[in-house]
Amino acid sequence: MALLQLQEPGMSTAPHEHRLAVGIDLGTTNSLVASVRNGIAVCLNDAEGRAMLPSVVHYPRGGAALVGRAAQAHQVDDPRNTLVSVKRFMGRGIHDVTHIESMPYDFLDTEGMLRFRTVNGVKSPVEVSAEILKALRERAEASLGGPLVGAVITVPAYFDDAQRQATKDAARLAGLNVLRLLNEPTAAAVAYGLENASEGVYAIYDLGGGTFDISILKLSRGVFEVMSTNGDASLGGDDFDHRVFCWILDQSGVAPVSDSDARRLEGLARRAKELLSIEEEAPIRGTLSTGDEIDLTLTRETFVDITRTLVNKTLAPVRKALRDADLSVDEVKGVVMVGGATRMLHLQQAVGEFFGQSPLTNLDPDKVVALGAAMQANVLAGNRTADEDWLLLDVIPLSLGLETMGGLVEKIVPRNSTIPIAKAQEFTTFKDGQTAMAIHVVQGERELVSACRSLARFELRGIPPMTAGAARIRVSFQVDADGLLAVTAREMSAGVEAQVVVKPSYGLADDEIAEMLKSGFEHASDDAKARAVRELQVEGERMLEAVQQALKADGALLDDEERARIDAAMAALRTAVAGDDAKALRQALDGLGRETDGFAARRMDKSIRSALAGHKINELKV
Amino acid sequence: MDLQQDYFALFGLPQTFDIDREQLEQAYRDCQAQVHPDRHAHRNDAEKRVSMQWATHVNEAYRTLRKPLLRARYLLSLRGVDAGIETNTAMAPAFLMEQMEWREGVEEAREGGDVSDLEHMRQRLDLHERELRQALSGQLGDTAADGEAAADTVRRLMFIEKLQIEIDDALEALED
Ligand SMILES: Nc1ncnc2c1ncn2[C@@H]1O[C@H](COP(=O)(O)OP(=O)(O)OP(=O)(O)O)[C@@H](O)[C@H]1O
Ligand SMILES: [Mg+2]
């Protein structure tokens with residue numbers, strides 16, 4: 001049962017088995033899954049041979065959720081229970097979403113992230129996204145013939161921490177082991193750069209259904225270094241549809257329309273928009289539920305006219321990204337176009353004019369993100385071969401900071417810092433005898449807290465009473481390679497430590513996910529339970545073997561007490577492996593994992609040091 | 001885990017202000033190729049944590065050595081010279097006066113929306129910055145170099161950087 005699959009606890013990797021890993025492009029409009037097969041990245045198709053899964057989920061009364069085209073079929077007849085473009089709501093509260101009043105959903109204003117009330121119960125955007133991811137996981141497992149070791153999930157580069165966390169939660173909920181969250185333009189750069197053996201500075205311009213990203217990368221000898229990124233997490237093809245939709249209402253004079261007619265008209269609008277990428281004009285014809293007939297013709301000229309401001313809206317982030325990378329337009333060697341919406345001709349023209357060169361459109365803008373993600377997943381899963389020696393150096397898109405006096409933001413981690421990154425800042429108390437301090441973590445570029453995204457609030461307690469200004473409170477930010485933040489606060493001056501670690505989570509709390517996964521196990525068939533136990537036993541055997549090896553090689557790193565505790569945990573795991581109690585097995589696995597944590601870290605540190613020393617010796621020889 | 005090894009040693013570079021950028025870049029990439037979390041994604045949590053800490057350290061080292069001003073400050077701290085950054089009392093009154101004039105100039109141009117004025121000031125500052133950096137390469141050349149003079153130059157460069165940021169912010173605001 002993949003839901004309960006444990007993370008690899010071993011201290012070494014099993015040699016040379018091909019590990020099944022996928023890249024998933026979880027798009028606003030369409031989602032794809034790809035994998036490296038026989039050394040080549042390919043999209044995995046559905047039974048009908050289609051790679052793209054429409055990112056649509058329909059909740060029927062009582063039944064299981066429908067995903068993709070089956071769900072799309074209900075878009076018009078049941079808009080309230082058919083969720084489209086759910087990515088726009090990831091990590092968002094009800095007040096963050098524009099045009100929310102014109103959407104056909106029954107929203108629930110819950111803390112952190114909004115939810116939808118459906119006939120099938122209340123659903124969070126995380127759960128809806130998990131349905132899409134689950135469909136893709138099942139497709140991949142059927143097509144690759146086994147359970148997945150892990151997945152790389154792509155996110156818009158401009159996604160903030162809340163949106164990234166929500167995406168990771170959705171993947172975990174879908175039973176996926178997330179190898180990495182990868183920025184969409186970076187994934188595209190990998191696919192494009194490797195295919196064309198590119199070197200130099202490239203701009204990746206990615207306009208999808210609901211998000212816009214621009215990333216500037218330096219490609220050099222197998223290193224993909226993101227120099228800057230910018231964008232708009234709520235700008236995409238959907239907005240062009242909306243302009244056409246408004247134009248239709250305006251021209252036909254039928255407003256206001258019902259939710260289901262609105263869906264119908266949005267569909268017409270999108271088709272017309274897409275047609276205009278090849279034709280000079282597009283017919284818009286249909287009948288509404290009221291009996292009103294729509295019969296219009298949209299010319300390319302009018303379309304260009306009503307969407308000009310949207311096209312221009314993408315250029316401001318491009319300018320900012322160039323400035324942050326400290327580059328001028330003519331230093332950019334190529335502009336790679338990604339995302340279905342970059343098929344629009346006037347957009348290609350505007351981008352071409354801006355950069356003074358024709359953008360590169362010679363790759364499939366729908367698939368390139370998923371393919372790049374698959375290549376990275378293959379490498380991360382440990383299937384690397386000698387020629388797959390590339391390295392991605394990515395950045396954090398938006399600054400991270402803390403609220404200070406007067407509702408102002410003190411920036412701690414500046415945008416476009418290469419990740420992983422850590423920064424710390426010291427604060428002090430402002431009242432005599434103050435024993436607690438409120439910490440408010442925000443993300444964004446503005447000076448006022450109210451104009452930034454609030455990521456987390458927590459309180460550091462247990463500060464020893466001192467005179468004002470005497471306490472030294474160190475707040476540390478650590479951003480990992482997924483672009484996710486953890487915050488620690490610690491009182492330093494009196495030698496007393498109070499520490500809080502916060503992982504801002506606007507998705508589901510960790511125990512909420514654990515609960516969902518557990519209830520999945522309880523409802524599993526006896527068969528599945530037996531299999532899960534067998535898997536745990538195998539896992540236990542592997543872990544025992546790995547620890548044994550590690551002790552043989554590096555036992556000297558441990559003192560007697562540590563050694564004794566590891567030995568005891570090993571004995572406990574051996575007993576559990578001999579039995580068939582899933583809970584006992586998991587406990588024993590966790591137990592040995594805990595006891596060997598410090599040992600594993602020390603061994604890793606030692607091995608990294610010797611690797612670093614080794615490469616310097618090589619350098620001297622040159 | 002002790003990550004206190006000095007940044008120059010980490011990248012195999014001599015401890016001087018003048019560095020070979022190519023060499024720095026290559027050494028950075030070589031280091032990340034060893035420590036980056038992407039290289040260790042299939043390992044267990046403890047091992048991944050160590051990899052992240054090392055990659056964080058390498059990034060910080062690179063950032064510090066790549067930017068001239070940060071590099072200079074870092075060198076001063078390695079050599080035990082207090083740059084007196086928190087207490088800018090050490091600055092000559094004439095210099096402080098000049099700074100105030102600059103600041104007023106930027107403020108005026110911003111309020112007047114005068115882009116070309118701002119750009120012109122930016123260019124003059126850039127020129128000034130280059131001169132000071134050249135001075136640093138002597139002042140922070142080898143260990144026998146002049147730490148006190150370098151500290152003074154560093155303080156001046158910090159004022160200049162602040163002004164440059166102000167101008168850039170003003171230009172960006174005018175653009176939006
Ligand atoms: N021929 C075309 N002309 C214009 N637009 C098109 C064309 N084909 C697809 N699109 C638009 O591209 C968008 C979908 O692009 P894509 O599948 O790349 O987005 P996504 O990956 O789902 O979204 P995102 O990356 O923003 O999360 C839709 O708005 C769609 O209408
Ligand atoms: Mg996309």
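In which loop of chain A does P420(A) lie? In this predicted model, P420(A) is found in the loop between β21 (408-413) and β22 (421-427) of chain A, where helices (H or I, at least four residues) and strands (E, at least two) are DSSP runs numbered from the N terminus. The peptide bond that leads from I419(A) to P420(A) is cis, with omega near 0°. A further backbone feature occurs at S85(A), which has a positive phi of about 45° although it is not a glycine, and which is placed in the loop between β7 (82-84) and β8 (107-108) of chain A. Most residues other than glycine have a negative phi, and most peptide bonds are trans.

Residues are numbered from 1 along each chain as its sequence is written, while chains are lettered from A and ligands numbered from 1 in the order in which they are written. Because the model is predicted, local features need pLDDT of at least 70 and side-chain atom pairs count only at pLDDT 80 or more, whereas totals for chains, interfaces and linings use all residues, and side-chain values use heavy atoms, with hydrogens and water left out.

A polar side-chain atom of T28(A) lies 2.5 Å from an oxygen atom of ligand 1. For K87(A), an N or O atom in the side chain is 2.6 Å from an oxygen atom of the ligand, and for E274(A) the distance from such a side-chain atom to a ligand oxygen atom is 2.6 Å. The protein covers 92% of the 660 Å² of accessible area that ligand 1 has on its own, as given by the Shrake-Rupley method with a 1.4 Å probe.

Elsewhere, helix α4 (residues 184-196) and helix α9 (residues 368-380) of chain A pack at an angle of about 80°, with their axes 7 Å apart; axes are lines fitted to C-alpha atoms, for helices over the stretch in contact, and angles run from 0 to 180 degrees between N-to-C directions. The two helices, α4(A) and α9(A), are therefore roughly perpendicular to each other, a description that applies to angles of 65 to 115 degrees.

Terms used
A polar contact is a pair of N or O atoms within 3.5 Å; within protein, one must be able to donate a hydrogen and the other to accept it, and residues adjacent in sequence count only if both atoms are side-chain atoms. Angles under 35 degrees count as roughly parallel, over 145 as roughly antiparallel, 65 to 115 as roughly perpendicular and the rest as oblique.
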